[in-house]
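Let's take a walk through this one together. Have the sequence and the 3D view ready, and we'll go piece by piece.

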Amino acid sequence: MGKKRSGAGLTGPQQATRFLGLSVLSGVVLAGIAIPGAGALGLAAKGTVEGFDEIPANLKTPPLSQRTTILDAEGGLIATVYSRDRQVVPLTAISPYMQKAIVAIEDSRFYEHGAVDLKGILRAVNRNAQEGGAAQGASTLTQQYVKNVFVEEAGDDPAKVAEAQQKSLGRKIRELKYSIQVEEELGKKKILENYLNITYFGQAAYGIESAAQRYFSKPAKDLTLDESALLAGVVQSPSRFDPVNDAQEAMKRRNVVLQRMADVKDISQAEADEAKKLPVTLKVTRPKNGCITAVKGAGFFCDFVRNTFLSDTVFGKTREERAKIWNQGGLTIRTTLDPQSQDAANNSIRDHVNQDDSIATAVTMVQPGTGRILAMGQSKPYGFGKNETQINYSVDKRMGGSNFGFQVGSTFKPFIAAAAIEKGMEPTKVYSAPNKMEYPSPVTRCEGSPPWQNLPLAGGKLQTAENETADEVGPYALKTAMEKSINTYFVQMISDIGLCPVTEMTQKLGVVPASGVKLPEEPSIALGSAEMSPLTMANAYAAFANRGVYCTPIALESITDAHGKALAVPKSKCDRAMSQDTADTINNLLRGVVDSGTGEKAGLNDRDNAGKTGTTDGRYNAWFVGYTPNMSGAVWVGSGGAKKITMEDITIGGQYYPKVFGGGLPGPIWKDAVSGALAGREAPPFANVHVPDPVVGGGGNGGGGAGGGRGNTPNQPTNPRKPGKPGKPGGDGKPGDSKPGTAAGGGGATPADPPVNPIPGLPADPGLIGGNENQ
């Protein structure tokens, strides 16, 4: 019994409870009149309302969060994601047994009373008054539905959820007000339909359709009597009556529901007794939510789609607005992912790199001219377990990638060449390109910035660059320098044209460091010191394939909401980054890389293709970025974690590598991935642009073929005093050989000859050390 007080009789809570009951019984609330004395009862405090009439009524069509389905370009399922696993269905798609069971156990007089059950309230008020609290509730099915709407609107905010569920007179009055409005405007059948779609049934299942699929792997329309009673019983306490974790307790509750259905004449007693004898038989479908469930190894692409939605203002002005739409769900998202390309990328990755290897690889492919992302995969799968990761190695940090990206090595060199050609430099340009050299200084930067200076490092030494091997000694022309990936050639080139044309070109090509910082204006970028993502590199090279037009990358083709309404999606923006002639010239230069240069192992035999290798200092990263006229792809191999791994004397994918080069492992990965992606598809050609072989002399140390490069045409002397012999394809002259070269360099110069076309102010062979790897 409640504690009596002298004079007053009932405690404060008891008086408030009785007052609310009497107000309802007298028709005050039902008439929509403000409750008198509300202030005295504390109804105007935080979390309550001041007046009944002031409460807005807007629950006609409550927003229900649902599953979002992500599809590939052909309509195949990639993944299902949701804030709440729910599939909204009409009442006609719900078993009649289920409809009767939920009404019988939750509100058996549902079809007889209005929004408020006066008899139920009176019964609850009397009992609560006797016990001095809220021992018994009197909520109708309509009121429960309204409370669920409050919870749904609170989303995943714990504070708002708690506020929506708080046991206060203010919340109860709001609930009553909305319930009256809902009863008047929706009607009983629609209320029941909405209730069954919004209610939580445990096991992460919201709504009856998801519950039927979760527990019985069948649609709600096929639920039997005993199955319906089981699910109706779960609603009161989803954790206590969870049939997966406690079948006995769930069975007891099911039988209570069956008996209640018999008591209210929804079924016969014989039907109830027969159903009670049945065991709880489940066919559970485990929750499948999020990008971790993505098929075809597309977990990272799925995550990229989510990040695209949350970051693009086309879906809302603020991230909060966009997150609300995403969490609301019910979207059908068709993406650009090409199943054939994705399968090819996955197969190539599996053939070359194992999941448990100490290093990782990432492959990204895009379509030139559209920016459509066709494939995105990596050797460390999307997940939380051993040898899994949630870091998307293919993209920038802001889109779920690594903090910094990966140094790109010599794959940066085509950007320098494109900038130089755009500035008017001939593709036959020759530089002395010694084996070792100091960085030239000063080097001009963009207007407003002081020139870059090669200042002494610790110990007084200046910054230096060197080529990969000792026999790589100039002079070289651009074509051979690109094929052999000669570091010092491009250091001299960037010093010649200045840094600003290069940074301007990279901006036009979307080449931005993965961390989001500005590309540094310093000559070391010539050797790929900047850290990029594979998507950035693949998409930049796609502009070469597209004859100089750069298109921003896109992952979304179309989106429809839960009502079938189409939403706007971001479109690729295409702009000219360089002239057609420049792009065609770069294509010709990079064809040489895969024909006979450092990327020969990546070359395709059945179609025009081009590309560039890259290997960084310490062999921490190796790249191949290549393209055909209708596909561009980037392959990175390296250590994805915080620990840097030198890729020397290492086994990867079951194969031993003394040293990993961009052409040695990333190149074959690219070849297999692109070959599979384009199998059976058209093979358009590049525009044919001839880059003539220049006249190039021997190396600064008298080297023959290695210094002379590839460029001598027959019977064209490199030294007016000593005619050279016709070049023979294939080999290299020995470094330091005083005899004329007899291989790729043609007739070499004698040791006394000065290098052809030297950079003013630079010695022919400074003989200094340092720099990045160049293959």
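Here, buried means under 20% relative accessible area, exposed means over 50%, and partly exposed is what falls in between, using a 1.4 Å probe and protein chains only. What you're looking at is a predicted model, where local features need pLDDT of at least 70, side-chain atom pairs count only at pLDDT 80 or more, and totals for chains, interfaces and linings use all residues. Residues are numbered from 1 along each chain as its sequence is written, and side-chain values use heavy atoms, with hydrogens and water left out.

Start with Phe-110, which is buried, with a relative accessible area of 0%. Tyr-111, on the other hand, is exposed at 51%. Aromatic rings (Phe, Tyr and the six-membered ring of Trp) pair if their centres lie within 6.5 Å; planes under 30 degrees apart count as stacked, over 60 as edge-to-face and the rest as tilted. The structure holds 20 such pairs. In one of them, the ring centres of Phe-110 and Tyr-111 are 5.0 Å apart and the planes sit at 70°, so this pair is edge-to-face. Tyr-489 and Phe-490 also make an edge-to-face pair, because their planes are at 70°, with centres 5.2 Å apart. Both Tyr-489 and Phe-490 are buried.

Back at Phe-110, Lys-188 lies over the face of the ring, 4.4 Å from its centre. A charge sits over a ring if NZ of Lys or CZ of Arg is within 6 Å of the ring centre and within 35 degrees of the ring normal.

Now for a sheet. Helices (H or I, at least four residues) and strands (E, at least two) are DSSP runs, numbered from the N terminus, and two strands pair if DSSP finds at least two bridges between them. Five strands make an open, antiparallel sheet in the order β5-β4-β18-β17-β16. At its edges are β5 (373–378) and β16 (610–615), each pairing on one side only. Inside the sheet, eight bridges join β17 (residues 621–628) to β18 (residues 631–638), and Val-625 stands opposite Ala-634 in β18.

What about helix α20? Of its 17 residues, 12 are buried, among them Leu-589, Leu-590 and Val-593. The buried residues of α20 pack against α15 (413–422), α16 (478–484), α19 (534–545), β16 and β17, where contact means heavy atoms within 4.5 Å.
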